Amino acid sequence: MNPTVVSEAPGLFTADGLAGLVFLIMVATTIIGGYIACSAERLVRGVAGLAVCFIGVAAIYYYLNSPFVAMMQMLIYVGAVCITISFAIMLAAPEDSKKSGPSGPLAGPLGLICAGLATFGMVVLALRTSFPVVQKINMGSVEKIGVQLLTTYSMVFELVSIVLLIAILGALVIARHGRSK
Amino acid sequence: MSLTVLNAIIAVVIAIGFAALNAAYLVWAERRGAGRIQRRPGPNVNGPLGLLQPPADGIKLMTKQLVIPGGADKALFMVAPVLAMAPAIMSFVTIPFSDMIVAHSMNIGVLMIFAFASLGGMAILLAGWGSRNKYGVMASVRAVSQNISYEVPMLITVITIVMMTGSLDLKDIATSQAGGIWNWNIVPSLSAPLMPVAFLIFFTCSLAETNRAPFDLGEAESELVAGFHTEYGSMGFGLFFMGEYANIVIGASLITILFLGGWGCPLGLFPGVWWFLLKIYVLIFSFIWIRWTFPRTTIYGLLNLSWKILIPISLFNLLLTAGLLKVF
């Protein structure tokens with residue numbers, strides 16, 4: 001395990017410094033969004049926090065030079081997943097039960113210990129991994145992604161579609177069950 | 001480096017200015033058009049032809065007090081109008097007005113516009129829920145279910161176009177139609193015989209996506225007071241309004257680029273930004289014309305139209321075009 005060589009930090013008003021600042025803003029957005037999503041008392045606020053978190057993640061994808069994945073993140077997670085969750089909240093229950101329930105045994109000291117362990121594990125992993133500077137393989141264009149999806153990763157692609165099919169069937173079963181009542 | 005930063009700032013300022021100017025004067029155009037259609041003058045007192053009405057409205061909206069209803073979720077109530085306006089401005093950045101005038105040409109421009117447009121649904125939901133008003137909640141659920149169901153045929157139609165062009169870049173799509181009206185995507189060709197139908201589907205969907213009559217179920221005044229922005233006054237309402245008109249301009253620009261040859265002239269002469277502006281304003285006029293001519297549909301009719309008619313037709317068109325592109 002080699003000690004990491006830290007090069008001299010760039011000044012704030014150089015190109016690298018500004019890029020770093022933008023990166024930190026994105027990370028902060030993601031973390032703040034995630035915090036709101038976890039701690040909000042009203043579920044709708046939690047969904048709004050989740051949307052902020054997803055937007056932060058999309059921004060990081062864009063920063064990492066893959067705009068296609070960033071736009072997909074926005075389109076699917078913010079545009080579809082968040083809206084579906086808020087639909088479920090609005091249609092499911094009256095106002096009073098839209099608050100999150102009592103905290104389980106994981107809240108408090110046990111939760112703190114778990115979070116600490118998880119963070120420790122992540123930090124150890126991050127420090128032990130050597131991050132090689134990888135050459136840019138291609139432009140991340142839609143065409144390349146499509147070819148990869150239908151050749152190298154076709155198995156994954158098909159399995160994902162099966163998962164979606166199961167989800168749709170499950171939703172139909174639940175909906176039919178609700179109708180007979 | 002500094003030049004690109006300057007470019008970006010200028011582009012954003014122009015985008016905001018263009019969106020705001022359009023929002024203000026399209027309201028005037030809409031009211032004058034409505035007046036003509038309903039055989040009354042419309043706003044004609046302030047300035048020549050009533051042209052000073054929009055600035056007066058703007059000053060009124062900006063100076064009014066922002067009232068937050070009791071029991072409303074204050075944070076979400078304040079965020080929603082901004083969330084309605086900001087994505088619309090973002091989308092202007094990637095729209096090419098001519099082969100020279102584009103702020104930031106992306107190779108996934110189409111995708112970017114749809115990604116940001118999907119944020120609009122979130123804004124409507126938060127507005128309706130945050131204002132703690134039963135009409136607001138009902139209207140936002142309606143508006144969002146409508147937006148979701150019309151996004152599907154719209155995206156399928158876009159996929160057809162992308163398949164024909166082989167690019168997600170708006171600039172490439174417009175350039176591939178250069179030369180004259182016979183090259184435009186709306187004209188049926190051997191490999192894509194159903195394109196006029198695709199155009200109609202896309203046009204209908206953009207009416208529905210921008211919540212315009214006859215699909216304005218989200219703000220049906222006769223049933224839901226004013227829909228999801230019932231509780232909004234002053235500039236909160238103003239931002240929703242500006243967002244709506246900015247979205248109309250974006251919808252018209254998308255139709256122009258995807259189907260009507262972008263900045264190309266019908267006869268192939270003098271292509272340029274003037275043709276683009278002419279096409280989008282003709283489209284916007286037809287939006288206004290439709291709004292004041294047709295009565296509002298019902299929510300079931302609306303959803304049935306999308307799921308039972310538009311989606312099957314657009315899927316059929318997609319498959320047909322895919323097959324014929326392989327053959328020819």
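Guide: Happy to. The area buried between chain B and chain A comes to about 2,300 Å², and carbon and sulfur atoms give 81% of that. Keep in mind as we go that this is a predicted model. On the chain B side, three residues stand out: Leu111(B), Met122(B) and Trp129(B) supply 26% of the area that chain B buries against chain A, more than any other three residues. If you'd rather count residues, 27 from chain B are in contact with 26 from chain A.

What about charges and polar groups reaching across?

Now, which parts of chain B do the touching? The elements that give two or more residues to this side are α3 (74-92), α4 (109-130) and α5 (134-165) of chain B. Of the side of chain B that touches chain A, α4(B) provides the largest share, with 12 residues. Sort the residues of that side by kind and you get 20 nonpolar, 4 polar and 3 charged.

Ala86(B) has its place in helix α3 of chain B. Ala86(B) is partly exposed, with a relative accessible area of 38%. From C-alpha to C-alpha, Ala86(B) and Asp169(B) are 22 Å apart in space, and 83 residues separate them in sequence.

Val158(B), in helix α5 of chain B, is buried, at a relative accessible area of 5%. Leaving out residues up to four places away in sequence, Val158(B) touches Val110(B), Phe114(B), Phe202(B) and Leu258(B). Take Phe202(B): it is 44 residues from Val158(B) in sequence, yet their C-alpha atoms are 8.3 Å apart in space.

One last stop is helix α2 of chain B, residues 53-63, where Gln53(B), Pro54(B) and Leu61(B) are buried. Look down the axis of α2(B) and its buried residues fall within an arc of 95 degrees, so they line one face of the helix. Turn to the other side of α2(B) and you'll find Ile59(B), Met62(B) and Thr63(B) exposed.

Terms used: Residues numbered from 1 in each chain as written. Chains lettered and ligands numbered in written order. Predicted model: local features only at pLDDT ≥ 70, side-chain atom pairs only at ≥ 80, totals over all residues. Heavy atoms only, no water. Contact = heavy atoms within 4.5 Å. Buried area = accessible area lost by both parts, 1.4 Å probe. Helix = DSSP H or I, 4+ residues; strand = E, 2+ residues; numbered from the N terminus. Nonpolar A, V, L, I, M, F, W, Y, C, P; charged D, E, K, R; others polar. Buried < 20%, exposed > 50% of the residue type's maximum accessible area, 1.4 Å probe, protein only. Arc of directions from axis to C-beta.
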